[in-house]
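Here is a quick tour of one chain, written for someone who likes to know the cut-offs. Have the model open while you read.

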Amino acid sequence: METKYAGFQKMVASAYLLLIFAALPLYMKDGFYMLADAKYLFFRSVSLIFLLLWLAGAAVRGIYRRRHGRCSLRKKPGEWSEIWGMYSGTDVFAICFAVFSMLSYLFSAYKDTALIGFSGWYMGLLTQLFLVGGYFLVSRWYEREKMISGIVWLSMSAVCLLGVLNRIGYDPLGTFEGMNWWEWNRRNLLSTVGNINWYCGYLAVTVPLLLYCFWAGEGWKRIPAWAAAFVGIGAIFLQGSSSGYIAMGAMYVVLLLASLKDMRAFLRFLETAVLVPLLCFLMWLTRLHLILTYDMEETIEKVITPVWGIPLGILGAGIVALRMIYRRTGRNWLENGRVLKGVLVLGVVLVLAGVLVLAGCQVSDSVWHFFGSSGFLRFDAEWGSMRGKLWTAVWNGFCRTDFVRKLYGVGPDCFARYFYEVEMIDIETTGKWMEAVYANAHNEWLNMLVNEGILGLMAYLGFFLSAFRRFWKNSRENRRMMAGMMAVGAYVANQFFSFGQVVSTPLIFLVIAVCENECRRKETEKGNQDGRE
């Protein structure tokens with residue numbers, strides 16, 4: 001019975017992971033028409049079915065164990081502490097997030113919206129509970145299979161490739177049929193995910209995984225892994241949302257820090273770093289005609305220059321030289337950890353310097369004049385496509401809320417209901433967005449603070465930070481943790497300028513779940529080994 005139960009739950013977890021991670025991003029019902037609704041209904045239906053199957057299996061097992069005297073509701077003090085020991089810090093934060101989401105719903109004045117979410121976004125209570133439920137299902141029962149990993153890898157590669165093809169004028173799926181190249185939709189919808197901000201969120205989760213596959217691959221598998229990573233970097237470079245470049249920087253920083261523990265790993269990092277100058281140099285060399293967002297065209301023209309040949313040559317020569325020296329001497333200069341500590345210290349210094357420069361730009365015009373531009377350095381109403389004015393209005397609105405709303409928020413995904421009905425938010429929109437409604441704060445952490453309050457934000461942010469810390473601690477023994485660290489780092493960075501939605505957010509929860517599963521398996525194996533000794 002126990003064996004059959006375990007097999008059933010593993011099958012449920014594998015099928016759920018496959019459908020959400022591989023099928024959801026590719027799923028389109030009527031092309032780009034009502035795509036967000038189609039994605040949400042797919043996610044909700046799959047989550048509801050498979051989480052119910054999981055709970056039904058758990059109930060049957062519980063009944064069986066009770067009948068055969070293997071389970072008792074009465075626990076001794078030592079047994080309760082053993083049960084609590086089965087939960088990691090990431091698990092605890094996930095449970096707290098689910099609890100605080102339910103409390104936020106109960107205290108919300110907009111329960112009709114809080115249950116399902118704002119139209120077109122659907123990040124309400126049901127979605128939050130499905131996210132946590134999917135995390136526990138996969139983290140407890142998923143069993144790594146090459147076939148599942150291969151299908152997920154193919155799906156990620158396909159979604160990235162379609163985005164690149166769309167940018168160079170190809171439309172394999174016919175989703176742009178009837179659109180002219182100058183139309184907004186033709187320039188701002190991509191691949192099978194749609195809106196470039198949604199697509200950027202998807203890439204922030206998946207490109208780190210493709211990059212990891214190339215970094216960690218062995219033998220002939222590195223060839224297709226290299227191709228997929230190259231396409232992924234191309235997709236994130238061309239997608240059109242500026243936050244994607246910050247996400248790309250974050251994933252590379254995490255990979256660099258994790259690679260500075262070993263010379264062989266550092267050489268692999270340099271090979272991944274080559275992808276960026278190689279992409280830009282080839283784009284200049286081939287003079288590709290790109291269909292980009294209008295605000296991106298001028299930037300790309302400045303970026304795509306033959307100058308990229310210089311870092312490409314330096315990195316290429318450096319890789320060859322370091323590899324030859326390493327093979328001849330066999331010395332691992334990074335093993336003692338001094339280089340890593342030095343880089344960390346340098347990183348802290350650079351961050352502090354950056355903070356001081358940004359602070360100076362807010363105080364004096366002469367500072368940002370010295371650096372040549374106020375566009376990014378000077379925080380004002382127009383900063384970040386009007387994010388400056390939006391964030392200021394949101395923060396002031398949050399400060400005006402009562403104590404209960406500060407703790408629990410206005411309700412899951414109720415940002416628009418509260419700010420348009422109570423705060424009467426007035427953000428100027430132009431062009432395509434003349435009649436647009438801000439459904440969220442365009443900053444997931446600020447948005448979570450408004451929707452689910454201080455408690456919800458602490459649990460939600462704690463979930464990601466505790467996961468990153470847990471993966472970092474286990475990365476030396478299990479290098480797969482690096483994939484999770486890179487994805488978490490890129491997602492957290494991207495979401496500072498973006499928002500959660502029913503494509504990227506379920507994926508990052510599943511990435512954390514798979515890595516948590518790996519951690520639990522290693523801990524179980526270590527416990528069994530210690531027990532035998």
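## A threonine in a loop

Looking past its neighbours within four places in sequence, Thr 293 is in contact (heavy atoms within 4.5 Å) with Arg 167, Arg 187, Asn 188, Ile 196 and Gly 240. Thr 293 sits in the loop between helix H13 (275-286) and helix H14 (294-303). Helices here are DSSP runs of H or I with at least four residues, strands are E runs of at least two, and both are numbered from the N terminus.

Is Thr 293 buried or exposed? Its relative accessibility is 2%, so Thr 293 counts as buried. The cut-offs are under 20% relative accessible area for buried and over 50% for exposed, with partly exposed in between, using a 1.4 Å probe and protein chains only.

## What kind of model this is

This is a predicted model, where local features need pLDDT of at least 70 and side-chain atom pairs count only at pLDDT 80 or more, while totals for chains, interfaces and linings use all residues. Residues are numbered from 1 along each chain as its sequence is written, and side-chain values use heavy atoms, with hydrogens and water left out.

## The chain overall

The chain has 23 helices and two strands. Of its 533 residues, 49% are buried. Take the contacts with a separation of 6 or more: 77% of them join residues 24 or more positions apart.

## H21 against H22

Helix H21 (residues 444-474) packs on helix H22 (residues 481-494) at about 155°, with the axes 9 Å apart. Axes are lines fitted to C-alpha atoms, for helices over the stretch in contact, and angles run from 0 to 180 degrees between N-to-C directions. H21 and H22 are therefore roughly antiparallel, a label for angles over 145 degrees.

On the H21 side, the residues meeting H22 include Trp 445, Phe 464, Phe 468 and Trp 472; their partners in H22 include Met 485, Val 488 and Tyr 491. By class, this contact has 11 nonpolar, two polar and one charged residues. Nonpolar covers Ala, Val, Leu, Ile, Met, Phe, Trp, Tyr, Cys and Pro; charged covers Asp, Glu, Lys and Arg; the others, Gly among them, are polar.

H22 itself is mostly covered, with 13 of its 14 residues buried.

## H10 against H11

The axes of helix H10 (residues 222-238) and helix H11 (residues 243-259) come within 8 Å and cross at roughly 140°. H10 brings Ile 233, Ile 236 and Phe 237 to the contact, and H11 brings Gly 244, Tyr 245, Met 248, Met 251 and Tyr 252. That makes seven nonpolar, one polar and no charged residues.

Notes. Parallel < 35°, antiparallel > 145°, perpendicular 65-115°, else oblique.
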